[in-house]
Amino acid sequence: IAEASPLGLHFYRLEGDGRLILTGYNQAAERLFASEHRPLIGRTIEEAFPGLAGGELPEAYRHTVRSGENWSAQKVDYEGGGIRGAYEVHAFRIGKDQLAAMFLDITTRKQVEAAQGERERTERALESSEERFRALIGSTFDAIMIHDAGAMVECNAAFQELTGWGLEELRGLNSIAILVHPDDAPLVVEAANSGTARS
């Protein structure tokens with residue numbers, strides 16, 4: 001069953017002196033951690049996996065063996081600002097002084113979650129920046145018009161007052177065209193050839 005499992009499995013025995021000895025593993029564990037496990041059999045968890053020494057996992061395993069309470073956690077390894085690997089760990093007692101630890105690779109899921117979180121943070125920052133920008137142009141007495149690809153997309157109240165047009169009436173107008181005041185008096189002309197403006 002252990003060998004057929006797609007989940008990585010480690011088996012431990014808790015000695016009377018508190019040492020947690022690696023007694024077995026499956027091939028999925030070797031694939032998951034990209035290391036040969038045979039030389040690690042008979043070693044303590046800290047000797048077999050030095051990166052775990054001083055962390056919470058060995059003590060959580062010992063508590064599981066002694067108490068019989070199952071333990072689960074997620075472990076994420078970061079490298080260069082990104083996620084190198086992430087695992088769900090489930091530990092449970094399988095007999096007197098015996099423990100099995102099961103590992104599920106959740107690296108892809110965590111990378112997707114991190115990317116989504118970064119995208120959401122970027123969107124929130126953009127929305128905040130846009131709100132500050134709108135507040136800024138809305139509070140100035142200078143007439144401001146913003147256009148994109150030649151079409152007017154935004155303007156402030158001062159510009160609307162100057163032209164006599166409402167925002168929805170102005171939005172989308174080609175900025176190369178003549179903007180005509182409601183009284184039909186030419187207000188702004190952009191020279192199509194030179195790209196300069198006269199008012």
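**Close-up views of a predicted model**

View 1. In β7, Ala-151 is the bridge partner of Asp-148. The model is predicted: local features need pLDDT of at least 70, side-chain atom pairs count only at pLDDT 80 or more, and totals for chains, interfaces and linings use all residues. Residues are numbered from 1 along each chain as its sequence is written, and side-chain values use heavy atoms, with hydrogens and water left out. Strands β6 (residues 145–148) and β7 (residues 151–155) run antiparallel and are joined by four bridges. Two strands pair if DSSP finds at least two bridges between them. Two residues lie between the strands of this hairpin, where Ala-149 takes a positive phi near 55°. Helices (H or I, at least four residues) and strands (E, at least two) are DSSP runs, numbered from the N terminus.

**View 2. The aromatic cluster.** Tyr-12, Tyr-61 and Trp-71 form one aromatic cluster. Rings of Phe, Tyr and Trp (its six-membered ring) pair if their centres lie within 6.5 Å; planes under 30 degrees apart count as stacked, over 60 as edge-to-face and the rest as tilted. The whole structure holds two aromatic pairs. Tyr-12 and Tyr-61 form a tilted pair, 5.6 Å centre to centre, with 50° between the planes. This pair links strand β1 to helix α3, 49 residues apart. Tyr-61 and Trp-71 are edge-to-face, at 6.1 Å centre to centre and 80° between the planes. Tyr-61 lies in helix α3 and Trp-71 in strand β3, so this pair ties together parts ten residues apart in sequence. Tyr-61 counts as buried at 1% relative accessibility; Trp-71 counts as buried at 16%. Buried means under 20% relative accessible area, exposed over 50%, partly exposed in between (1.4 Å probe, protein chains only).

**View 3. The largest nonpolar core.** This core has 21 residues, and Tyr-12, Ile-45, Phe-49, Tyr-61, Trp-71 and Leu-99 have the most contacts inside it. A nonpolar core is a set of buried Ala, Val, Leu, Ile, Met, Phe, Trp, Tyr and Cys residues joined through side-chain atoms within 4.5 Å. The largest share, four residues, comes from α3.

**View 4. Helix α3.** The helix has twelve residues and reaches 16 Å from its first C-alpha to its last, close to the 16 Å expected at 1.5 Å a residue. The expected span is 1.5 Å times one less than the number of residues. Its buried residues include Leu-57, Ala-60 and Val-65. Gly-68 follows α3, with a positive phi near 80°.
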